[in-house]
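Subject: Structure handover

Hello,

Here is the structure I promised to pass on. My notes follow below it.

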Amino acid sequence: HGDMLHSQGAVKKQQPYEESIMVPFLLRYPRAFGAGGREVDTLVNAPDIAPTLLGLCGVPVPDSMEGTDFSAGLIKGDMPDMDAALLMCPAPFGQWTRNIGGREYRGVRTRRHTYCRDLKGPWLLYDNEKDPYQLENLCGNAEFAAIQGELDAILNRKLKETHDDFRPAQHYIE
């Protein structure tokens, strides 16, 4: 799984940078996918893993389970193109405490951009195609206001879909 490894001057995980969030999902299932293997390039959210594995096993996915079952797309080789993966840190802890910049955040990672906001508002915006090392934060830059607005709308939709009203960490701890 992701680890900062001193990129961005940080270590460990929980942070919304590529090194921490872009984690490959590896699955070996020769009976369904063949022995040769293949690569599927789609964005997947953590809650999608369990329903997809259940679907691949032929086990009905309970209605109460969050996430999307991608098993049919994996078997057919016809994966839907997700518009964005949801990023979150509900409560900074352990390796990323507040005294070293840890904070609650929610964000989205699209194929091209990473956008995050913390409890105070928009925080990070990167064009991962032009800036793969995420060195230039474009958040608040007037040239990128339209893109930031689009990404914020996607984030709002994802939060609504997941019933996440993005509260301070103490709310979840209590």
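Predicted model: local features only at pLDDT ≥ 70, side-chain atom pairs only at ≥ 80, totals over all residues.

Residues are numbered from 1 along each chain as its sequence is written, and side-chain values use heavy atoms, without hydrogens and water.

Aromatic rings

Rings of Phe, Tyr and Trp (its six-membered ring) pair if their centres lie within 6.5 Å; planes under 30 degrees apart are stacked, over 60 edge-to-face, the rest tilted. That rule gives 4 aromatic pairs. W96 and Y105 are edge-to-face, because their centres are 6.1 Å apart and their planes at 70 degrees. W96 and W123 are stacked, because their centres are 6.4 Å apart and their planes at 20 degrees. This second pair links distant parts of the chain: W96 is in the loop between β1 (85–89) and β2 (105–109), W123 in strand β4 (residues 121–127). W96, Y105 and W123 form one aromatic cluster.

Strands

Strands (E, at least two residues) are DSSP runs, numbered from the N terminus. They pair if DSSP finds at least two bridges between them. β1 and β2 pair antiparallel over 5 bridges. M88 has R106 in β2 as its bridge partner. β2 and β3 (residues 113–118) also run antiparallel, joined by 5 bridges. A hairpin connects β2 to β3 through 3 residues.

Best wishes

How values were computed:
Helix = DSSP H or I, 4+ residues; strand = E, 2+ residues; numbered from the N terminus.
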